Amino acid sequence: VRRARPARVVRVPALAWLGGAAPLARRQLTELWRDRRRMVGALGFSLLLNALVVGLPAVATGASPSGERDPGGSLVLLGLILLVPVLTTAPVSLDFRRDLDRMALLRSLPLSPFTVTVGQVFSPVLVIAATQAACVVGLALSTGTVPPRYTAAALLALPPLVWTVAAVENLVFLLLPVRPIVPGTPRAVFPARNYLLAIVKVLALGLTMGFAAACAFVLWIATPGWIAAAVAGGIIGLVLSAAAATWAAAWAFTRFDVSRDIPA
C-alpha cells in the first residue's frame with residue numbers, strides 16, 4: 001500500500017520582533033496562506049493595476065528629441081505605483097474588518113489597544129507593501145531610466161504610506177462598522193452610507209498626505225537645493241502620519257462596544 005506523502009507545511013515566522021502584536025499578525029498571515037484562493041483574489045485587483053502601470057514601457061522609455069532616453073515617463077509611472085496602495089488595501093482585509101465577530105475576544109486580550117491595532121494592521125501592510133516594492137524594482141530594472149535614489153526613496157516611503165492607508169481604513173471601520181459582503185449572500189445595500197465612508201476616508205487620507213507634504217516642504221525650504229532633504233521630510237511625515245493613524249485606530253478600538261456596534 002502506497003502511503004500518501006504528507007503535505008508540506010509552510011510555517012509563518014514567529015515575528016518575535018513585533019512583541020505582543022506578533023501572535024495576531026502571525027494568525028492573520030497563516031489564515032491568508034492557508035486560503036490561497038482568497039489570497040489570489042485579494043491581490044488580483046492590485047496586480048491588475050500594477051500590470052497596467054508597469055506594462056507601459058513605451059511611455060516610460062520614450063526618447064527625447066536628442067535621442068536620449070527620457071526618465072520623465074518612468075518617474076510618472078513610479079508615482080502611480082505609489083498611489084495604487086490607496087486603492088488596494090480594502091480587498092486585503094486581514095484586520096479588524098475580517099475579525100468583526102471576534103471583537104469580544106480581541107477586547108479581552110491582555111494587550112494594550114495600540115498593540116492590538118498594530119497586530120491587526122501589520123498583515124495587510126506587509127502583503128501590499130511587498131507587492132508594490134516588487135513593482136517598483138521591476139519598473140526600475142525593466143526601463144533603466146529610474147535613478148537609484150528615486151527607487152530607494154520609493155521603497156522607503158512605501159511601508160509608512162501603506163500603513164497610514166490601512167490604519168485609516170480600520171479607523172473608519174471601527175467608527176462606522178459595516179459587515180463585509182459575502183458573495184452569494186443577500187444583503188441590503190445602502191449607497192449613502194458607502195458614499196459617506198468613502199468621503200471620510202478621502203478626507204482622512206488627504207490630511208495625512210498634506211501633513212507629509214508639509215514636512216517635505218519645510219525641509220526643502222530649510223535646505224535650499226537639497227532634494228534629498230525634501231524626500232526625507234516626506235518620509236518622516238508619512239511615518240508620523242502612520243503613528244498618528246494607528247493611535248487613532250487604537251482609540252476607536254477602545255470605544256468599540258461589542259453589544260451595540262456589531263451590525264447584524
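**Surface, pocket and salt bridges**

Analyst: A nonpolar surface patch of about 660 Å² is formed by Phe114, Leu175, Leu176, Leu196, Val200, Trp247 and Trp251. A patch here takes residues with over 30% relative accessible area and no salt bridge, joining like charges within 9 Å and nonpolar side chains (Val, Leu, Ile, Met, Phe, Trp, Tyr) within 5 Å. Areas follow the Shrake-Rupley method with a 1.4 Å probe, and for residues only the protein chains shown count as cover. The elements that contribute two or more residues to this patch are helix H8 (191-222) and helix H9 (227-255).

User: What kind of model is this, and how are residues numbered?

Analyst: Side-chain values use heavy atoms, without hydrogens and water. This is a predicted model in which local features need pLDDT of at least 70 and side-chain atom pairs count only at pLDDT 80 or more, while totals for chains, interfaces and linings use all residues, and residues are numbered from 1 along each chain as its sequence is written.

User: How many helices and strands does the protein chain have?

Analyst: Helices (H or I, at least four residues) and strands (E, at least two) are DSSP runs, numbered from the N terminus. Along the sequence the pattern reads α-α-α-α-α-α-α-α-α. The count for the protein chain is 9 helices and 0 strands.

User: Is phenylalanine 114 buried, partly exposed or exposed?

Analyst: Phenylalanine 114 belongs to helix H6 (residues 113-143). Buried means under 20% relative accessible area, exposed over 50%, and partly exposed in between (1.4 Å probe, protein chains only). Because its relative accessibility is 38%, phenylalanine 114 counts as partly exposed.

User: How far apart in space are phenylalanine 114 and tryptophan 247?

Analyst: Both residues belong to the nonpolar patch. In sequence, phenylalanine 114 and tryptophan 247 are 133 residues apart. From C-alpha to C-alpha, the distance between them is 6.3 Å.

User: What is the volume of the second largest pocket?

Analyst: On a 1 Å grid over the protein atoms alone, a pocket is an open set of points with protein on both sides within 12 Å along at least five of seven lines, and lining residues have an atom within 4 Å of a point. Grid points are joined across faces, edges and corners, and a volume is the space filled by probe spheres set on the points. For the second largest pocket this comes to about 510 Å³.

User: How do the lining residues of that pocket divide into nonpolar, polar and charged?

Analyst: The lining has 21 residues, with Leu82, Ala153, Ala157, Val231 and Leu238 nearest the centre. Helix H4 (72-88), helix H7 (148-175), H8 and H9 each supply at least two of the lining residues. Ala, Val, Leu, Ile, Met, Phe, Trp, Tyr, Cys and Pro count as nonpolar, Asp, Glu, Lys and Arg as charged, and the others, Gly among them, as polar. The division is 19 nonpolar, 2 polar and no charged.

User: Where in the chain do arginine 27 and glutamate 31 lie, and how close do their side chains come?

Analyst: A salt bridge is a side-chain nitrogen of Lys or Arg within 4 Å of a carboxyl oxygen of Asp or Glu. Arginine 27 and glutamate 31 are separated by about one helical turn, because they are 4 residues apart in helix H1 (residues 22-34). Their side chains meet in a salt bridge, N to O, at 3.2 Å.

User: Which residues are joined with arginine 102 into one network?

Analyst: Arginine 102 forms a salt bridge with aspartate 99, with the closest N and O atoms 3.0 Å apart. Salt bridges that share partners join arginine 102 into one network with Arg27, Glu31, Arg98 and Asp99.

Note on methods: 1 Å grid on protein atoms, 1.4 Å probe; cavity = no way out; pocket = protein on both sides within 12 Å on 5 of 7 lines; lining within 4 Å.
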